[in-house]
Amino acid sequence: MGNIYNIYKIKHDKYEDLLVKIESVGLIQQKTLCPENYNMVFYFSESIEGNEIWWWSTYRVFIKDDIPTPKNKFYFGLLICTNVDNPNEIYAISLGKSHFYLSRFIEADFGINLAIRMADEQSILLKKSRYFTGTKRHEVSSYENFNKDSYDSGESVEHLKLKASNTDIWGDKNIIFADSIQLDISKEPSDLSKILNDISDSMSDDEIIRLPKLELISDEILIGDLNSVVLTAIINNQANVGVEEISISGINIRSLAKVNFDSSS
């Protein structure tokens, strides 16, 4: 029987901020285990008040008088795994709604960067893309048979569901790659060190898929220039911000803000 793991990679310089965040949302540190070369700390929502049931008061007349007002309780957890040999390598396994609190602390391109090194492109079942040219903004496509390298102009892939190229390591089930990877694999949590080491090894491999995707800008001079353009546009009232539509990344659902710049003046 397999277990489902939703794995994120944490930015090492955001680790302390992450600990502050998870404490603020009620995650309490539990046990620490050290299988192989990883230090694993589990956090759990020990005590939660629960959420009101929106329909309870409306239908209260149908319910027995001696039943107290109930609340829905949704427990959640987070397992943070730090590589003992390389403390800058930190992963988080999300359980329940804890993924909603991770977005500011993760490497957002982790899943896609892993996919282009270990996935079987022809096994793509589902692909979500963002577009920067043409009439489309976002598109979710499903496939029975995917044609290799069949991507559109201006397309940036940000969500994939497909199989790994090496099924001996990753199994033959589908894996979801986005800002995280979600895999169903016949390994227990005590074997997570092996999985994380396989991920690290794969990230050092050559790319085997030519996938159109967003690239993070790391050039400090270029970042400064672009920030200057944004600031100037805002000061001169040449920019507007609006919610475009819902985006799905990993198991996160969020809305995107769009900024337009008027370059006519």
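Which backbone nitrogen does the side chain of asparagine 83 reach? The points below take this up after an overview.

1. Overall picture. This is a predicted model. The protein chain has 265 residues, and 37% of them are buried. Its secondary structure consists of 5 helices and 14 strands.

2. Surface and contacts. Among contacts with a separation of 6 or more, 64% are between residues 24 or more positions apart.

3. Asparagine 83. This residue belongs to strand S6, which covers residues 77–83. Asparagine 83 counts as buried because its relative accessibility is 7%, and the cut-off for buried is under 20%. To answer the opening question, its side chain reaches the backbone nitrogen of aspartate 85, at 2.9 Å. Leaving aside residues up to four places away in sequence, asparagine 83 touches Asn37, Tyr38, Glu89 and Asn197.

4. Strands S2 and S3. Strand S2 (residues 28–33) and strand S3 (residues 38–44) run antiparallel and are joined by 4 bridges. Threonine 32 has valine 41 in S3 as its bridge partner. The two strands form a hairpin with 4 residues between them, and there glutamate 36 takes a positive phi near 55°. Tyr38, one of the residues touched by asparagine 83, lies within the range given for S3.

5. Helix H2. Is this helix mostly covered or mostly open? Helix H2, residues 110–118, is mostly covered, with 9 of its 9 residues buried. The buried residues include Phe110, Ile112, Leu114, Ile116 and Met118. Asn113 and Arg117 are also on the list of buried residues in H2.

6. Valine 61 sits in the loop between strand S4 (51–52) and strand S5 (71–72). Is valine 61 buried or exposed? Valine 61 counts as exposed, because its relative accessibility is 71% and the cut-off for exposed is over 50%. Together with Trp54, Trp55, Tyr59 and Phe62, valine 61 forms a nonpolar patch on the surface. The accessible area of these residues together is about 720 Å².

7. Two residues side by side. Asparagine 83 is buried at 7% relative accessibility, whereas valine 61 is exposed at 71%. Asparagine 83 is in a strand, and valine 61 is in a loop.

Methods:
Residues numbered from 1 in each chain as written. Predicted model: local features only at pLDDT ≥ 70, side-chain atom pairs only at ≥ 80, totals over all residues. Heavy atoms only, no water. Patch = residues over 30% accessible without salt bridge, like charges linked within 9 Å, V, L, I, M, F, W, Y side chains within 5 Å. Areas by Shrake-Rupley, 256 points an atom, 1.4 Å probe, with all protein chains shown as cover. Salt bridge = Lys/Arg side-chain N within 4 Å of Asp/Glu carboxyl O. Buried < 20%, exposed > 50% of the residue type's maximum accessible area, 1.4 Å probe, protein only. Polar contact = N/O pair within 3.5 Å; in protein donor to acceptor, adjacent residues only side chain to side chain. Contact = heavy atoms within 4.5 Å. Pairing = 2+ DSSP bridges.
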